[in-house]
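I opened this notebook to record what I looked up on aromatic contacts and nonpolar packing.

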Amino acid sequence: MKILIINGPNLNLLGKRQPEIYGTVTFEDFLKDLRKEYPGIKINYYQTNHEGSIIDKLQEAENEEYLGIILNPAAYTHTSIAIADTILAMQTPIVEVHISDISKREGFRQISYIADYVTARIMGRGLDGYREAVQFLLDIKDE
Ligand code: DQA
């Protein structure tokens, strides 16, 4: 059983970047704990600063029998019709995760081009949102 987490641009800077919004923990440290909590699941992780690389990874993942994909496209959430089109072409469940509550931030962050096409959305829960997304994917697996 495996899950893929994809993080978009600037999320490699977690821990250092605007800690008042995104916290002080690096994603790598968080991931270590998450993997320990779910020893039965292979949690693959991919981070990129490039829009096309997110698309390539999603397309590739569609053929790899993932239980689901946890996707934080970061700023591309608010701009990328291309990523939305990729999701539209997929069957694998996708959970959109945002560390901050984008519905309460600047107007441009309140728009998500992927919102209508994902299986679920989790935002404003900090890094715990990724944990909740893993649990969500496990919960829907048996439905
Ligand atoms: C983010 C919110 C986006 O608006 C922002 O561009 C990010 C991170 C979040 O996780 O809260 O880079 O997706």
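Which residues have the most contacts inside the largest nonpolar core? I worked on a predicted model. I found a largest core of 26 residues, in which I5, F27, L34, I70, Y130 and V134 have the most contacts. I then looked up the elements behind this core: β1 (2-7), α2, β4 (94-98), β5 (120-123) and α5 (128-141) each supply at least two residues. The largest contribution, five residues, comes from α5. I also noted a second, separate core of 17 residues, with I6, I55, I69 and V118 among them.

Next I took up Y130. Leaving out residues up to four places away in sequence, I listed I5, N7, L11, F27, F30, I70, N72, V97 and I99 as touched by Y130.

How many aromatic pairs are there? I counted four, with ring centres within 6.5 Å as the criterion. Why are F27 and F30 separated by about one helical turn? Both lie in helix α2 (residues 27-37), three residues apart, which accounts for that separation. I recorded F27 as buried at 1% relative accessible area, and F30 as buried at 6%. I traced ring pairs that link F27, F30, Y45 and Y130 into a cluster.

Last, I checked for charges over rings. I located K2 over the face of Y66, 4.5 Å from the ring centre. I located K57 over the face of Y46, at 4.9 Å from the ring centre.

Technical notes:
Residues numbered from 1 in each chain as written. Predicted model: local features only at pLDDT ≥ 70, side-chain atom pairs only at ≥ 80, totals over all residues. Heavy atoms only, no water. Phe/Tyr/Trp six-rings, centres within 6.5 Å; stacked < 30°, edge-to-face > 60°. Helix = DSSP H or I, 4+ residues; strand = E, 2+ residues; numbered from the N terminus. Buried < 20%, exposed > 50% of the residue type's maximum accessible area, 1.4 Å probe, protein only. Lys NZ or Arg CZ within 6 Å of the ring centre and 35° of its normal. Core = buried A, V, L, I, M, F, W, Y, C linked by side-chain atoms within 4.5 Å. Contact = heavy atoms within 4.5 Å.
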